[in-house]
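Below are my notes on the model, as numbered points. They begin with a single residue and then turn to the chain as a whole.

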Amino acid sequence: MAIERTLSIIKPDAIAKNVVGDIIRRFEENGLSVVATRRIHLTAEQAGRFYAVHKDRPFFGPLCAFMSSGPILAMVLEGKNAVRLNRQLMGATNPKEADAGTIRADHAESIDANAVHGSDSLENAATEISFFFADIDIYSS
């Protein structure tokens, strides 16, 4: 199993619910280390740049509005098979379809306000990490 890095974002809805500590605890208890963090309030333009891959999809505008509606916590997670493990811990995008005990099953309200974002591949993880962090900002143990 390879040591990987992935991007995780705790979204505005989860920040507002004050469940940041619980989400980070789940990552750490399952073998992921938080090696960088950044709390930021994205502008709609910044959210649009981050989610540019979805610009032609009908949910793009509402997604950008939601992601700029309050602060987020961007994190770099590191560990064995971090991309896959993070996605398992998050659960299905639609919290109604997420397995019990996953972050989205426990903390998300809807498919739109779904508590967390996670990279879906190593390639996207590298791109997404570089959106928020310079190499100098990431500290492995």
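1. Asn86 counts as buried because its relative accessibility is 0%; buried means under 20% relative accessible area, exposed over 50%, and partly exposed in between (1.4 Å probe, protein chains only). Asn86 lies in helix H5, residues 82–90. Helices (H or I, at least four residues) and strands (E, at least two) are DSSP runs, numbered from the N terminus.

2. This is a predicted model, in which local features need pLDDT of at least 70, side-chain atom pairs count only at pLDDT 80 or more, and totals for chains, interfaces and linings use all residues. Residues are numbered from 1 along each chain as its sequence is written, and side-chain values use heavy atoms, with hydrogens and water left out.

3. Neighbours within four places in sequence aside, the contacts of Asn86 (heavy atoms within 4.5 Å) are Thr6, Leu7, Ser8, Phe27, Leu32, Leu77, His117, Gly118 and Ser119. For the chain, 78% of contacts between residues at least 6 apart in sequence join residues at least 24 apart.

4. The chain has seven helices and four strands, in the order β-α-α-β-α-α-β-α-α-β-α from the N terminus. Its radius of gyration is 14 Å, close to the 14 Å from the globule rule for 141 residues, so the chain is as compact as a globular protein of that length. That radius is taken over C-alpha atoms, and the rule is 2.2 Å times the number of residues to the power 0.38.

5. The C-alpha trace spans about 40 × 35 × 25 Å along its principal axes. Of the 141 residues, 50% count as buried.
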